[in-house]
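Here are some notes to go with your first look at this structure. Take them in any order you like, with the model open beside you.

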Amino acid sequence: MFRIRYKLSQLSDKIKGVDFTTSVSCEAAGIFDVPGAQYYASSGFAPELKAALDYLKITPRDTILDYGSGKGGALKKLHQYPFGKVAGVELSASLAMICRQNLMRLHIDDIEIIVQNAIEFNDIDGFNYFYFFNPFGPEVLRKVLDNILESTSRIPRNITLIYNYPKYAEVFNQAGPFLLSKVFVDGARKINIYNLNREARLSN
Ligand SMILES: C[S@@+](CC[C@H](N)C(=O)[O-])C[C@H]1O[C@@H](n2cnc3c(N)ncnc32)[C@H](O)[C@@H]1O
């Protein structure tokens, strides 16, 4: 089933003159020696992502950052929901360039793409949603979750983390106050939703 959806998404890309879907190896994306970095694969056409986003009842006051946004597969889907802001941080300059071209082609001009290692990107106080489609290994994930916790110490707020293909879920459990609030399953594919509650954080 996944294979069919992948092919259909590629076909839809082709008709629109974009390329959100085709997977890219780390080497082809110019990523070498970055511990645990995952290759580019789009989650934008996955039904479990749609199910999760429908469930979350997004409002224009919500803002989301896609960690490892690649060619923008998920960004395109996130943009279909009423987020007040959608952004992505991506390590590969070449994937980010394809992403910008894709978005331009669809006349989407309000998604910000930052080309940086997620570990070093700290301008996150303005976000209350964070999306991860298995972008990196436990080492980087741990540091990124620390960055999010530090951000909530600076600006206390409720946070929702969407972890698609939660290969390193134990890192979320070890990181402290993230509560697993919902799980979406579609065959072998899975999305975990975690919440960080402002009140719980303030009383810690
Ligand atoms: C599985 S893809 C997810 C793509 C996109 N988020 C989606 O769901 O359609 C993982 C992406 O993370 C990027 N990545 C890996 N390590 C990274 C890091 N340390 N900082 C930023 N991006 C990274 C890869 O280049 C790749 O584009």
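1. Helices here are DSSP runs of H or I with at least four residues, strands are runs of E with at least two, and both are numbered from the N terminus. Tyr165 has a positive phi, near 55°, and is a residue other than glycine. Is Tyr165 buried or exposed? Tyr165 counts as buried because it has 20 C-beta neighbours inside 10 Å. The cut-offs are these: 20 or more other C-beta atoms within 10 Å of a residue's own make it buried, 12 or fewer make it exposed, and anything in between is partly exposed, with C-beta atoms placed from the backbone.

2. Before going further, please keep in mind that this is a predicted model, in which local features need pLDDT of at least 70 and side-chain atom pairs count only at pLDDT 80 or more, while totals for chains, interfaces and linings use all residues. Residues are numbered from 1 along each chain as its sequence is written.

3. Lys57 also has a positive phi, of about 50°, although it is not a glycine. Its place is the loop between α2 (47-55) and β1 (63-67). Lys57 counts as exposed, because it has 9 C-beta neighbours inside 10 Å.

4. Now for helix α4, residues 93-105. In α4, the residues Leu95, Ala96, Ile98, Cys99, Asn102 and Leu103 are buried. They cover an arc of only 160° around the axis, so they lie on the same side of α4; the arc is that of the directions from the helix axis to the C-beta atoms. On the other side of α4, Ala93 and Met104 are exposed. The buried residues of α4 pack against α3 (73-78), β2 (85-90) and β3 (111-115), where a contact means C-beta atoms, placed from the backbone, within 7 Å. Just after α4, His107 takes a positive phi of about 60°.

5. What surrounds the ligand? The shell has 29 residues, and the closest are Gly68, Gly70, Gly73, Ala74 and Phe133; a residue belongs if its C-beta atom, placed from the backbone, lies within 6 Å. The elements giving two or more residues to this shell are α3 and β2.

6. Stepping back, the protein has 7 helices and 7 strands. Its C-alpha trace spans about 50 × 35 × 35 Å along the principal axes. Of the 204 residues, 39% count as buried.

Conventions. Two residues are in contact if their C-beta atoms, placed from the backbone, lie within 7 Å.
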